[in-house]
Amino acid sequence: MLTRSDRQACDMSSAFAAAGHECLEEPMLRIRWMSFDRAAIADATALVFTSANGVDAFVGQGGVLGQRMLYAVGSQTAARLTGHAARPVFIGDGDATSLLRLIYSTWKPASGKIVHVCGTHLSCNIAAELGQWGYATDRAVVYVAEPLQALTQRAIEALRRCAVDGIVFLSRRATETFCALPQVRAGSLTLNDVTAFCISENVADAVTPGIFRHVSSASHPTRAALLRLLSVATQGCGGMSPTLVSADQGPVYQT
């Protein structure tokens, strides 16, 4: 069960299917675009994106990348940027630490203002971190991720039938949302035989203890590493391909 139904989810679902995993979709977070302060980016000479949702919301609302220096937290965000960018994208290793290290090594405070294009909820305040090092920074908030309040009936039935072998978590926020759902907290679902597959140790730390049989994290915060983790799990199940639920962002829409 793959819970990301935007274009990025389709790509991930296809990758899982190609590896022999059956995926069902059940979003944990719904993405709503927000009008943003265009004055904040008018004088920006560099833009930082930490999610594909940020790219979609920015470009979809007429945001201009132009000839600015562009930074992406990881390969998936970069892939979304390259279709719109007029210049190469500098790519981190999938986490905030590597992204900040990349910016420090390639962009100097004297080079101009750098703006973090992001959502309302931040796992790392890139602008604040850079500001401490003397950079002129700002944020352009372009979307809000609204947490799911309850599982759909389809997901509940799949879990009750023990038809789900694994749940894939791609962010701390999605993980926390799942663990806080009423059906999960009440213990009314059968999760004792379900494994939580997390894209990083940081995400795994957000899993409420005792909910899952196992909690496993990828060696690197990338889709490729996550697929390798699932491959190892499949081999451990005697070659049986697990059915997966991916708990993360849902479709992008406007209001």
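These legends describe close-up views of a predicted model. Local features need pLDDT of at least 70, and side-chain atom pairs count only at pLDDT 80 or more, while totals for chains, interfaces and linings use all residues. Residues are numbered from 1 along each chain as its sequence is written, and side-chain values use heavy atoms, with hydrogens and water left out.

**View 1. Strand E4 (residues 69-72) is covered on both faces.** Helices (H or I, at least four residues) and strands (E, at least two) are DSSP runs, numbered from the N terminus. In a regular strand the side chains alternate between the two faces of the sheet. Met69 and Tyr71 lie on one side of E4, Leu70 and Ala72 on the other, and all are buried (under 20% relative accessible area; exposed is over 50%, partly exposed in between; 1.4 Å probe, protein chains only).

**View 2. Strand E3 (residues 44-49) pairs with E4 in the parallel sense.** Four bridges join E3 and E4; pairing requires at least two DSSP bridges between two strands. Alanine 46 has methionine 69 of E4 as its bridge partner. With helix H3 (residues 52-60), E3 and E4 make a right-handed β-α-β unit: with the strands pointing away from the viewer, the path from the first strand over the helix to the second runs clockwise.

**View 3. E4 pairs with strand E5 (residues 89-91) in the parallel sense.** The pairing of E4 and E5 has three bridges, and tyrosine 71 is the bridge partner of phenylalanine 90 in E5.

**View 4. Glutamine 183 lies in helix H9 (residues 182-185).** Glutamine 183 is buried, at 15% relative accessible area. Neighbours within four places in sequence aside, glutamine 183 is in contact (heavy atoms within 4.5 Å) with Ala150, Leu151, Ile156, Ser188 and Leu189.
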